[in-house]
Amino acid sequence: MAASMKGKRCLVIGGCGFLGRHLCEVLLEKGWTVQVFDIRTTFEDPRIKFFIGDLCKIEDLKPALEGVHCVFHCASPAPLGNNKALFYKVNYEGTQNIIATCKEVGVKRLVLTSSASVVYEGKGIRNGKEDELPYATKPLDYYTETKILQEKTVLAANSQDFYTVAIRPHGIFGPRDLQLVPIAVDMARKGKMKFIIGDGKNVVDFTYVGNVVHGHVLAAEHLNPGSPVCGKAYHITNAEPIFFWTFMTRLLTGLGYPAPHIHLPYTLLYILALIMQFVAWVLSPITIISPSLSPMKVALAGTDHFYSCERAKQDMGYKPVFTLDQGLKLTMESYPELKNTEPVEEKKSQ
């Protein structure tokens, strides 16, 4: 059963990031007392107490955790990076430290921002359910590899006096996003978004950030003794699967850029991405390279991957509060500086 959290103190680790900041705003609206822990501040709010530090250091975390009712762990390096050591340190070692410090100071609730990628290996997933999908045994990138370790650690820590839950969002987008929208626009400006990987008919989930936040808040409200939420992972999406390239077309054309229209063979691109990944691995002792094309990027753009939210609906009453249309509208309106002011060339028939 959900419990009122009004007046309760929470700590948002990674609260200065894209998701974390949106989460802080909603928690404040609901009457929570909000604290933020991050490596740096990116905004100011007199209602929030900020703590700056390294989540891998107990001495940094401990002051932020004192007297906290619930922790939201949203911190993570950017998913498209290629720094294995950084992913391992933040996603795995940092999470271990958070759990240990929570237990030391008596914090009893932890909500993790996980990822639907923990069950994804590049093969199609259609309406995937949590109890039917095992963790990926061959994750496509370091981010996923360490998110699997992270989620396992958090769920294994659930006990009679420490309650944990993992939220698995997929394809997050929205205002202030530093990944999907800015990267797509940058590629469009460079003429690299005219291509469609595969036949363009792969169906995926894109999830508006407001719905992801809603899932986190519901999980925290249900994270109580005897609740079915404790120790489980939950997919949180818009529950509106859409063709990947239809979504990208709506986003790009809405910002004034041409729609992707040139089809490229999926298999060929995937092989090229594997070669680039191998080269990056060979050079890793010398320098860290993030290839422009990776197996994960190609797979996400060319295969089915959408998930069922039935478990979240049953256990904590989840229902999206924003439709995909609403999310796209709010997102495009929030990026006036990214809109194209140049004439759009007519696409040639293929």
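Glutamate 145 is partly exposed, with a relative accessible area of 31%, where buried denotes under 20% relative accessible area, exposed over 50%, and partly exposed the range in between (1.4 Å probe, protein chains only). The coordinates belong to a predicted model, in which local features need pLDDT of at least 70 and side-chain atom pairs count only at pLDDT 80 or more, whereas totals for chains, interfaces and linings use all residues. Residues are numbered from 1 along each chain as its sequence is written, and side-chain values use heavy atoms, with hydrogens and water left out.

Glutamate 145 takes part in a salt bridge with lysine 84, in which the closest N and O atoms are 3.8 Å apart; a salt bridge is defined here as a side-chain nitrogen of Lys or Arg within 4 Å of a carboxyl oxygen of Asp or Glu. Because lysine 84 lies in helix 3 and glutamate 145 in helix 4 (residues 142–156), this pair ties together parts that are 61 residues apart in sequence; helices (H or I, at least four residues) and strands (E, at least two) are DSSP runs, numbered from the N terminus. Lysine 84 is itself partly exposed, at a relative accessible area of 40%.

By the stated rule the count comes to 13 salt bridges. Lysine 62 and glutamate 104 form one of them, with their side chains meeting at 2.8 Å, N to O, and this pair links distant parts of the chain, given that lysine 62 belongs to helix 2 (residues 58–65) and glutamate 104 to helix 3 (residues 84–105), 42 residues apart. Lysine 62 is partly exposed, with a relative accessible area of 30%, and glutamate 104 also counts as partly exposed, at 46% relative accessibility. A further salt bridge joins the side chains of arginine 250 and aspartate 325 (2.7 Å, N to O). Arginine 250 lies in helix 7 (residues 244–254) and aspartate 325 in helix 11 (residues 324–333), so that parts 75 residues apart in sequence are tied together by the pair. The relative accessible area is 35% for arginine 250, which is partly exposed, and 47% for aspartate 325, which is likewise partly exposed. Salt bridges that share partners also join Arg21, Glu25 and Arg176 into one network.

Arginine 176, a member of that network, is found in the loop between strand 8 (172–173) and helix 5 (180–189). The phi angle of arginine 176 is near 75 degrees, a positive value in a residue other than glycine, and at 32% relative accessibility arginine 176 counts as partly exposed. A positive phi, near 55 degrees, is also found at alanine 239, again a residue other than glycine; alanine 239 occupies the loop between strand 12 (233–236) and strand 13 (242–243) and is partly exposed, with a relative accessible area of 40%.

The structure holds eleven aromatic pairs, for which rings of Phe, Tyr and Trp (its six-membered ring) are required to have centres within 6.5 Å, with planes under 30 degrees apart counted as stacked, over 60 as edge-to-face and the rest as tilted. The rings of phenylalanine 43 and phenylalanine 50 have centres 5.4 Å apart and planes at 80 degrees, so this pair is edge-to-face. Within the pair, phenylalanine 43 is buried, with a relative accessible area of 10%, whereas phenylalanine 50 is partly exposed at 24%. Elsewhere, ring pairs link Phe173, Phe206, Tyr208, Phe244, Trp245, Phe247 and Phe322 into a cluster. Charged ends sit over rings in two further cases: lysine 201 over phenylalanine 243, 5.2 Å from the ring centre, and arginine 311 over tyrosine 234, 5.7 Å from the ring centre, the criterion being NZ of Lys or CZ of Arg within 6 Å of the ring centre and within 35 degrees of the ring normal.

At the level of the fold, the chain has eleven helices and 15 strands, and buried residues make up 51% of its 350 residues. In helix 9 (residues 295–302), the buried residues are Pro295, Met296, Val298, Ala299 and Ala301, and their cover includes helix 4, strand 9 (195–197), helix 7, helix 8 (266–283) and strand 15 (305–307). Of the contacts (heavy atoms within 4.5 Å) with a separation of 6 or more, 80% are between residues 24 or more positions apart. The C-alpha trace of the chain spans about 65 × 45 × 40 Å along its principal axes.
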